[in-house]
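Me: I am new to this structure, and I would like to ask about the words used to describe it. Please set each word against its definition before you conclude anything.

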Amino acid sequence: MPKYELVLLKNMAQPGYTGSLEAYRQAGGYAALEKVLKERTPADIIEEVKKSGLRGRGGAGFPTGLKWSFIPKDHKGLKYLCCNADESEPGTYKDRQLIERDPHQMLEGLAICCYAIGAERAYIYIRGEFDLGAEVLENAIQEAYRANLFGKDLFGSGVNVDVSVHRGAGAYICGEETALLESIEGKRGKPRIKPPFPAIHGLYQEPTVINNVETLANLPHIINRGAEWFASIGIGKSTGTRVFSVSGHVKRPGNYEVPMGVTLREMIYDIAGGMRGDKPLKAFIPGGASAPMMKPEHLDIPLDFESIKEAGSMLGSGGITVMEEETCIVWAAMNLMEFFHHESCGQCTPCREGSGWVLQILHRIEQGHGREGDIEQLENLCRRIEGKTVCAFGEAEVGPILSSIKHFRAEYEQHIREKCCPFHPNATLSMVH
Ligand SMILES: Cc1cc2nc3c(=O)[nH]c(=O)nc-3n(C[C@H](O)[C@H](O)[C@H](O)COP(=O)(O)O)c2cc1C
């Protein structure tokens, strides 16, 4: 039995739940869409979502209702909604489960959002590797069209909403919202300079909202149970539940839905079953690979946007990666940097070149060839990347490195002093370049 009331994972937790349209409707699905189309104005919905305090679950935690309110109401041309199902952040796999196991929940949320912002066209940009998810979504969309839940004149309201799936080709950067738009337009996925923001010049230069899968999946529940109910879950400005993907050295890795604000201690030692082999905890990443690392002294910090930020990290995508005492932090930082260096789109020089230089230094420290001054050089390089790129990838890639030096400087120094990795003394490393 889960400890907390499930909202987003509730249907799929029922034995035998198939995620079909019939099963979803039996569980009360699409009632919220019918209700908004028959009884509520778009402005009403935006107000309700603002009152709920819902914030984006894709990474930045931007208030959802506020984002929608930036879409110009008097715009004559098309407006778009793009659902971000790219989910490429290492350690994060909650959108995948939401799509594969209960696709109509997110589709209903998507239709509600389209109505609220006046968009007749929606795209779901799904990570290229999600073969099953794409297939499940295509089938669910066909079912929904056959039942006139998408298409023309939904519930006799005169409202039209069309949706289709757009598959990515395996690039992490295409999760960044403007790179995602470029990719849908058939171009290379390179982030755009902002402003202008997508709410004004988005897909095909028309007003566009980009929302994460989990963000959209919350909408039917906010409509059915009300903004106040939603706002009563969680703490402070972090309302509702959150699906966290827990991975690494825990006994029970998996997706767990909890109210925002449970502590990391509860998440790791209670909900995820504690440390594998009961080994001591060394470090953890609270919000996907791009979130700065944290230490055991941070275990009692609540998992909410503000508290994690105050502690120097970020809630990000909700991917919690746990590392036990025998994990080499230099190796972990190097592993993360290999990913970021490989995924840099190459548009901005500090990110394209800097990520490679950072990686080279990490590589030599880990292999026992570190030199005096290398740690300072790493810090210097990172400072020259963060804030100097078109998108937030720059900050994302240096966060884990700078935090690993801040919390584990002595371990870096030991590698350099002893001319080997204390954890993998004979390791030969596979490098990306
Ligand atoms: C490098 C990078 C990768 C990102 N990847 C994702 C992703 O895979 N999924 C996602 O929802 N948001 C991702 N984001 C955040 C999006 O740009 C955007 O903020 C989000 O989709 C907005 O939806 P939300 O307001 O519902 O969170 C990424 C951002 C950056 C900078």
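Me: What makes R121 the residue opposite D162 in β3?

Reply: R121 stands opposite D162 in β3, and the setting is strand β2 (residues 121-126), which runs parallel to β3 and is joined to it by six bridges. The strands themselves are DSSP runs (E, at least two residues, with helices as H or I, at least four), numbered from the N terminus.

Reply: Please keep in mind that this is a predicted model, in which local features need pLDDT of at least 70 and side-chain atom pairs count only at pLDDT 80 or more, while totals for chains, interfaces and linings use all residues. Residues are numbered from 1 along each chain as its sequence is written.

Me: Why are β3 and β4 said to stand at the edges?

Reply: The open sheet has four strands in the order β3-β2-β1-β4, with parallel pairing. β3 (162-167) and β4 each have a single partner strand, and therefore one side of each is left without a neighbour in the sheet. From one strand to the next, the twist averages 20 degrees.

Me: How do you know which helices lie on β2 and β3?

Reply: Helix α8 (residues 131-146) lies across β2 and β3 and runs at about 165 degrees to β3. Contact here is judged by C-beta atoms, placed from the backbone, that lie within 7 Å. Helix α7 also packs on the sheet, where it touches β1 (80-85), β2, β3 and β4, and its direction makes about 150 degrees with that of β1. Such angles run from 0 to 180 degrees between N-to-C directions, with axes fitted to C-alpha atoms, for helices over the stretch in contact.

Me: What makes the meeting of α4 and α7 a left-handed crossing?

Reply: A crossing is left-handed if the near helix is turned anticlockwise from the far one by less than a right angle, and right-handed if clockwise; α4 passes α7 in the left-handed way. Helix α4 (residues 42-52) and helix α7 (residues 103-117) pack at an angle of about 120 degrees, and their axes are 7 Å apart. P42, I45 and I46 in α4 meet I112, Y115 and A116 in α7. By class, this contact has six nonpolar, no polar and no charged residues, where Ala, Val, Leu, Ile, Met, Phe, Trp, Tyr, Cys and Pro count as nonpolar, Asp, Glu, Lys and Arg as charged, and the others, Gly among them, as polar.

Me: Why is one side of β8 and of β9 left without a neighbour?

Reply: Four strands form an open sheet of mixed pairing, in the order β8-β7-β10-β9. β8 (254-259) and β9 (281-285) are at its edges with a single partner strand each, so one side of each has no neighbour in the sheet. Strand β7 (residues 241-248) pairs with β8 in the antiparallel sense over six bridges, and F244 stands opposite Y256 in β8.

Me: How do you know which residues come nearest to the ligand?

Reply: A residue is near if its C-beta atom, placed from the backbone, lies within 6 Å of the molecule. Among the 23 residues around the ligand, G56, G58, G175, N212 and T215 come nearest. The largest share of the shell, three residues, comes from β4. By class, the shell has eight nonpolar, nine polar and six charged residues.

Key: Two residues are in contact if their C-beta atoms, placed from the backbone, lie within 7 Å. Two strands pair if DSSP finds at least two bridges between them.
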